[in-house]
Amino acid sequence: MYLYTLPLYLGILLVIEYLFVFKKNIANPSIIFNAGFFLCALFLTYFDETWKVTMHQETFFLVLGGNIAFFLGSYIGYRRYYTNPLIGRSRYKWKSQNENFFVPIITNRLKILFILQVLNAGIKVYLLMSFYGLGSIAANLFAHTEAMKTGEGELMKFPMGLGFISNTIDIAATLTPILLGLYIVKKRVYKSQYRWLFINFLAGAIFSLLSSGRTFMLYFIISFFVSYIMTLVSISKNVSIKNYVMYFLVGYIFLYSFQEVGRLIGRQDSESTPIEQTIGTYCGAELQNLDNLIERPSMMPSPKHWAEQTFNIVYSGLEEMGYINSVSSLRDYHPFQVANGYGIGNVASCMQSYYFDFGLFGAYFVCFVLGFLMQVMYIKAQYNNKFFSSGVLTISIILYGLFCPAIFMSFFSEQIVQRIITFISIKYWFKIFLIFIFFYGGTPKRINNLIRKYAKNKINSNVSTSISLHS
């Protein structure tokens with residue numbers, strides 16, 4: 001009963017959010033979060049007979065309640081920071097077109113970024129081939145993946161200094177989907193920038209496979225779509241049926257190429273597995289795995305520290321520095337599972353971490369808080385942001401552009417808290433600072449001051465609304 005009731009209730013929640021609460025804006029974090037779980041629950045029903053799926057009451061209320069809690073947190077954030085509670089109207093008003101001053105990135109800088117991406121990928125391939133010494137790139141990637149997951153054997157690392165440069169290039173690549181979402185709307189005016197951003201987007205998505213996983217490729221796609229939708233919202237343009245068809249086709253192509261992409265990076269264990277089974281394992285089995293763990297918690301190690309699953313990345317870092325010991329690896333908490341003779345993977349959505357660390361109502365509270373935080377972040381990025389009028393990256397659009405894939409992928413594993421922890425890093429934001437200077441030819445303060453200067457000149461002399469700050 002619960003198996004088929006869950007997608008029904010999640011679907012109703014999604015419709016309510018989309019039609020009546022968030023004004024058909026699918027870039028809203030609550031819609032993104034709930035959509036991931038809805039699709040996951042829907043896919044799971046397809047494998048009811050194949051996997052002999054079971055879903056118990058605790059799992060049902062955990063997943064449904066967690067999604068409702070995320071929605072409520074998001075709604076409160078929406079009411080608090082977007083609408084005026086007294087009059088029910090938006091606190092934000094878009095600037096009129098004559099107040100917009102667009103700062104295009106110089107095309108040559110995007111060409112340089114592409115060259116850097118190619119060189120970076122070449123160095124990664126060379127180091128992998130040299131370190132593991134196997135016959136193909138796929139075999140070396142597989143060996144690298146196993147070394148990372150199991151902690152057994154030596155792991156290839158970049159030489160000192162080179163890792164910093166390589167990671168900075170990778171971060172720059174992750175910003176191209178956000179920029180492309182804006183420039184695709186402005187491609188008639190900035191054709192060259194759009195073309196080279198698209199090339200960098202493709203290069204970044206393809207080269208992300210050298211991270212030994214397919215998740216980052218999906219991250220690129222989601223970041224682009226969300227940025228594109230937010231750009232349409234910024235110019236008061238609705239998402240058309242054509243857009244939805246495009247999203248569906250891209251998602252369909254990605255799912256049905258998932259297995260082939262896996263072979264390219266050495267996931268040879270899926271060669272004889274039907275494509276439907278592969279899709280189901282990645283987009284449905286999470287809830288069956290979650291149900292199994294809730295019914296048989298002994299499948300996992302006993303935690304030695306508070307909230308060890310949710311904050312595993314913190315505890316692992318402290319263990320490396322020698323402050324604590326006996327930390328179970330995140331892999332230990334995700335045992336590979338089998339259903340009716342079929343392998344169904346080892347991931348069980350974000351709810352696994354929240355439930356086993358904080359209990360049922362604690363999981364609701366975590367989802368509520370995250371919903372609130374993600375909504376505030378979205379509002380800052382969408383409605384109180386100069387990115388859509390000036391083209392200049394801001395902290396809020398960078399944050400939401402990088403968080404939105406993690407929000408959607410919460411049905412797969414816990415990623416929001418992990419990203420929050422990752423972004424609390426001076427080194428990370430120093431790299432963002434360097435990338436900003438590379439893109440725009442100056443510090444954020446200098447660029448903002450020049451934008452104000454040109455805005456003042458525009459008001460006084462009615463000059464062109466598009467400016468370049470690099471000359």
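Contact here means heavy atoms within 4.5 Å. Asn-34 sits in helix α2, and it counts as buried because its relative accessibility is 0%. The cut-offs are these: buried is under 20% relative accessible area, exposed is over 50%, and partly exposed is in between, using a 1.4 Å probe and protein chains only.

A word on what you're looking at: this is a predicted model, where local features need pLDDT of at least 70 and side-chain atom pairs count only at pLDDT 80 or more, while totals for chains, interfaces and linings use all residues. Residues are numbered from 1 along each chain as its sequence is written, and side-chain values use heavy atoms, with hydrogens and water left out.

Now zoom out. The protein has 19 helices and 2 strands; these are DSSP runs numbered from the N terminus, with helices being H or I of at least four residues and strands E of at least two. Of its 471 residues, 52% count as buried. Among contacts between residues at least 6 apart in sequence, 73% join residues at least 24 apart.

Next, select 285–295, which is helix α12, together with 349–383, helix α14. How are they arranged? They pack at an angle of about 20°, with their axes 8 Å apart. That makes α12 roughly parallel to α14, a label for angles under 35 degrees. The axes are lines fitted to C-alpha atoms over the stretch in contact, and angles run from 0 to 180 degrees between N-to-C directions. Show side chains for the contact: Glu-286, Leu-290, Leu-293 and Ile-294 come from α12, while Ser-349, Met-351, Gln-352, Tyr-355 and Phe-356 come from α14. By class that is 6 nonpolar, 2 polar and 1 charged residues. Here Ala, Val, Leu, Ile, Met, Phe, Trp, Tyr, Cys and Pro are nonpolar, Asp, Glu, Lys and Arg are charged, and the others, Gly among them, are polar.

Because 10 of its 11 residues are buried, α12 is largely enclosed by the rest of the structure. The buried ones include Gln-288, Asn-289, Asp-291 and Asn-292.

Which residues have the most contacts inside the largest nonpolar core? Select Leu-393, Tyr-400, Phe-439 and Tyr-440; that core has 125 residues. Helix α14 gives the most to it, with 16 residues. A second, separate core of 8 residues includes Ala-121, Leu-128, Ala-147 and Leu-210. A nonpolar core is a set of buried Ala, Val, Leu, Ile, Met, Phe, Trp, Tyr and Cys residues joined through side-chain atoms within 4.5 Å.

Cysteines next. With a disulfide taken as a pair of cysteine sulfur atoms within 2.5 Å, the count is 0. Cys-40 is buried at 1% relative accessibility, and Cys-404 is buried at 0%.

Last, two loops. Lys-24, between α1 and α2, has a positive phi of about 60° although it is not a glycine, and at 48% relative accessibility it is partly exposed. Ser-236, between α9 and α10, has a positive phi of about 55°, again without being a glycine, and at 63% it counts as exposed.

Notes: Angles under 35 degrees count as roughly parallel, over 145 as roughly antiparallel, 65 to 115 as roughly perpendicular and the rest as oblique.
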